[in-house]
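Trainee: I would like to learn how to read a model like this one. Can you take me through it feature by feature?

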Amino acid sequence: TSEAVEVPTMEEVDQFLPAYLQEYAIDTREPMAFSVITTPEYFLEFRYKVQKAMEEVPQIAEKVDKEFKSRFGRGYGAIERYGKEGAEVLLMTSGTVTSTSRTVIQKLAEKGVSVAGIKIKRFRPFPSEEIYEAIRGAKKLAVIDRNLSAGVGGIFAQELRASLYSREERPPVFGFISGLGGRDITPELIEESIRYTREHPRPEEEILWLGLKR
């Protein structure tokens, strides 16, 4: 089925967004250097201010999302949980692989598989509280990462493990990696990740690779 794409008018956008004012305009006649670093004398305080600013992001993002929804009739949030309520296995993804995952999860759910999905929309600050509420009752968490922090593993899987460390309810996290370098993450690979998660009480390895050419 096709869905209509809603594009706000320019007038609606102008009413919603604040006026764009350039504090530092780029001008070839007056060259300037822009940087996100400073000297050792001030670097600690600089990073402190960056951290304090990031800590304000969740509240500001939620406020703006509510304003957007009240004006345009749709909101987004930091995460999106979709599929069966009370599912035993939850598959966490982000970006384009989520679209394929939706189709796979729907097909498996129709066959009686207890699986649902979570899409991560905001990575920093990591939406720990939202995720924890969304995973309540799940027995296992699968994560498909399209990235690799060499020597550690998938970044999303590690963030999820860290966010659950101090929680009372900590389902095992199955960290899968696939699609590096632009390779496709096919429905078959997604099904494989879900099947492995269902069939194993805990992951056999810290990193579970999908689609490796042997």
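Mentor: Start with the secondary structure. This is a predicted model. The chain has seven helices and six strands.

Trainee: In what order do the elements of the chain run from the N terminus?

Mentor: Read them off as α-α-α-β-β-α-β-α-β-α-β-α-β. Then look at the overall extent. The C-alpha atoms fill a box of roughly 65 × 45 × 40 Å along the principal axes.

Trainee: What share of the residues counts as buried?

Mentor: Of the 214 residues, 32% count as buried. The accessible surface comes to about 14,800 Å². Carbon and sulfur atoms hold 53% of that surface.

Trainee: And the contacts? What percentage comes from residues 24 or more positions apart?

Mentor: Take the contacts with a separation of 6 or more. Residues 24 or more positions apart account for 75% of them.

Trainee: How do I read the charges?

Mentor: Count them, then compare their mean positions. The chain carries 31 positive and 34 negative charges. Their mean positions are 5 Å apart.

Trainee: Now the rings. How many aromatic pairs are there?

Mentor: The count comes to eight aromatic pairs. Phe-16 and Phe-72 are 5.7 Å apart, centre to centre, with 75° between the planes. That pair is edge-to-face. Phe-16 belongs to helix H1 (residues 10-16) and Phe-72 to helix H3 (residues 57-72). The two are 56 residues apart, so the pair links distant parts of the chain.

Trainee: Why does Phe-72 count as buried?

Mentor: Because its relative accessibility is 14%, and buried means under 20%.

Trainee: Why is the pair of Phe-68 and Tyr-76 called tilted?

Mentor: Their ring centres are 6.0 Å apart and the planes stand at 50°, so the pair is tilted. Tyr-76 is partly exposed, with a relative accessible area of 43%. Phe-16, Phe-68, Phe-72 and Tyr-76 form one aromatic cluster.

Trainee: What should I check about the backbone at Arg-124 and Pro-125?

Mentor: Check omega. The peptide bond from Arg-124 to Pro-125 is cis, with omega near -15°. Pro-125 lies in the loop between strand E3 (115-120) and helix H5 (128-135).

Trainee: Let me try single residues. Where is Glu-88 found?

Mentor: Look in the loop between strand E1 (79-83) and strand E2 (89-93). Glu-88 is partly exposed, at 38% relative accessibility. Leave out residues up to four places away in sequence, and Glu-88 touches Ser-114, Ala-138, Lys-139 and Lys-140.

Trainee: How far is Glu-88 from Glu-188 in space and in sequence?

Mentor: C-alpha to C-alpha, Glu-88 and Glu-188 are 20 Å apart in space. In sequence they are 100 residues apart.

Trainee: Last one. Is Ser-163 buried or exposed?

Mentor: Ser-163 is buried, with a relative accessible area of 13%. Its place is in helix H6 (residues 155-164). Not counting residues up to four places away in sequence, Ser-163 touches Phe-126 and Ser-128. Ser-163 and Ile-144 are 19 residues apart in sequence, and their C-alpha atoms are 17 Å apart in space.

Technical notes
Residues are numbered from 1 along each chain as its sequence is written. This is a predicted model: local features need pLDDT of at least 70, side-chain atom pairs count only at pLDDT 80 or more; totals for chains, interfaces and linings use all residues. Side-chain values use heavy atoms; hydrogens and water are left out. Helices (H or I, at least four residues) and strands (E, at least two) are DSSP runs, numbered from the N terminus. Buried means under 20% relative accessible area, exposed over 50%, partly exposed in between (1.4 Å probe, protein chains only). Contact means heavy atoms within 4.5 Å. Accessible areas come from the Shrake-Rupley method with a 1.4 Å probe; for residues, only the protein chains shown count as cover. Lys and Arg count as positive and Asp and Glu as negative; His and the chain ends are not counted. The place of a charge is taken as NZ of Lys, CZ of Arg, CG of Asp or CD of Glu. Rings of Phe, Tyr and Trp (its six-membered ring) pair if their centres lie within 6.5 Å; planes under 30 degrees apart count as stacked, over 60 as edge-to-face and the rest as tilted.
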